[in-house]
Amino acid sequence: MKVLWVCNLVLPYYSEKFELPKTSLGGWMSSSYEELLRNGMDIAVCSPVECRFFKRLKITKYFDGNLKCFLFPEYLAHPEKKFAKTKDYLKKIILEYQPDIVHIHGTEYYHTLALTELLNPNQYVISIQGLVSFIEKSYLLEIPKKIYHRKTIRDFLKNDSLYKQKNSLYKRGKFEIQAIKNSKNIIGRTKWDFSCTKLINNNINYFIGNECIRTEFYSHKWDDSKCIKHSVFLSQCSSPIKGFHILLEAICLVKHFYDDVVIFTTGPNLLKMNLYEKQKLPYYQKYLIDIINKNNLQNNVQFLGYLNEKQMVEAMLKTQVFVCCSTIENSSNAIGEAIKLSMPIIVSDVGGNKDIVSSEKVGLTYPANEYYTLAARILDIFSSNKFVINHKALNDLSNQRYDRKENIQTLMNIYETIYREKVNE
């Protein structure tokens, strides 16, 4: 069986081959891809590249033994204007590779709708990542309305703002909804994405398919005696939906009890930028800087830059608690990585988070808009007598959701089921 993966990003291995910047996102896709190759799957990867970068590429196709990758241009700023061209590129790739099954990762980009219009519903399956038509509703949770339309120079030049970002999700959501309506087969992994998908298309065939997390996380365990006391880890802070602004408000309260509390997070150091560099940031990052400065949190936040897989493990192992303070999530792989490391975990009670952290045996939860409750949960972790890790519960959950062999076998079974239905049409 030949499978074509259509991903929203270029996998790191192929980024090197095409001389493109690497991304730290989508590590779970690389893990699953590697496992499928080990299991002998005939698989090619297909990824979009922003039009301006695409023009600089020396090659747009890479084949080396069982390693196969196609790239196609997508105008990400206003993709609806180039929609017909996107369909043409995808049609050529499908005609060349002749896949039995097309596996589309994510609904949030326009190429997904293009594929649902090109292919017979029995030829493809879509994996739900986030659902922008629902994420849009929580995008600006706890962001003051007075800054919705504020802009840095960067935002002014790009005609961008927090409100425009929310509106962009709304527009993309219309394409997403139509793509799901066109489809027959969906892979999901939470009650949240099941419910949302069924609201759009109640006739969908819904398959449960858990994801593999990054390889490095399977061989390490968190140790309380080796971590920095009164430290918090947040995996990323670039988008409002990751809720860093809410965590900062919580840390203001925690600081009354532990003056040395520190947040570790990824991304560039916002506190060491000059005025010119700050103006090149989206306004959300400017807003974060303002919160930090207003509340004298400069010594309580450390930005770690962009971390590779190994560096991420090291950073998480040295912190006392992992926090996911997202305003909405489907199935956060960062939470999965913290579970695999057996870390203390606090998550917002939104979306699919409650499927993963379903009881206090695994971690603590709080209402997403209550920064004061988040502060109380962090204090519970810091006061170790109030929270003790249940290692058996964490191991059981880890084995249930993140077992690599079982997850890959499940995925291969899904492909077989869809292929048999296609053949018997």
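Which residues is Q320 in contact with, leaving aside its neighbours within four places in sequence? Let's take that one first. One caution: this is a predicted model.

The contacts of Q320 are W222, C227, I228, K229, H230, S231, P344, I381 and F382. Look at H230 in that list. Its backbone nitrogen sits 2.6 Å from a polar atom of the Q320 side chain. Q320 itself belongs to strand 12, residues 319–324. Is Q320 buried or exposed? Its relative accessibility is 5%, so Q320 counts as buried. The cut-off for buried is under 20%.

Now the nonpolar residues. In soluble globular proteins, nonpolar side chains tend to be buried together. Here, the largest nonpolar core has 78 residues. Those with the most contacts inside this core are L4, F244, L247, L248, I346, L374 and I378. Helix 10, residues 244–254, gives the largest share, eight residues.

What does L374 touch, not counting residues up to four places away in sequence? The answer is I246, L247, A250, V323, C325, I346 and Y366.

Last stop, the surface. I153, F156 and L157 make a nonpolar patch of about 380 Å². Take L157, in helix 7, residues 153–158. Its relative accessible area is 70%, so L157 is exposed. The cut-off there is over 50%.

To recap: Q320 is buried, and L157 is exposed.

Notes
Residues are numbered from 1 along each chain as its sequence is written. This is a predicted model: local features need pLDDT of at least 70, side-chain atom pairs count only at pLDDT 80 or more; totals for chains, interfaces and linings use all residues. Side-chain values use heavy atoms; hydrogens and water are left out. Helices (H or I, at least four residues) and strands (E, at least two) are DSSP runs, numbered from the N terminus. Buried means under 20% relative accessible area, exposed over 50%, partly exposed in between (1.4 Å probe, protein chains only). A polar contact is a pair of N or O atoms within 3.5 Å; within protein, one must be able to donate a hydrogen and the other to accept it, and residues adjacent in sequence count only if both atoms are side-chain atoms. Contact means heavy atoms within 4.5 Å. Patches are made of residues with over 30% relative accessible area and no salt bridge: like charges are joined within 9 Å, nonpolar side chains (Val, Leu, Ile, Met, Phe, Trp, Tyr) within 5 Å. Accessible areas come from the Shrake-Rupley method with a 1.4 Å probe; for residues, only the protein chains shown count as cover. A salt bridge is a side-chain nitrogen of Lys or Arg within 4 Å of a carboxyl oxygen of Asp or Glu. A nonpolar core is a set of buried Ala, Val, Leu, Ile, Met, Phe, Trp, Tyr and Cys residues joined through side-chain atoms within 4.5 Å.
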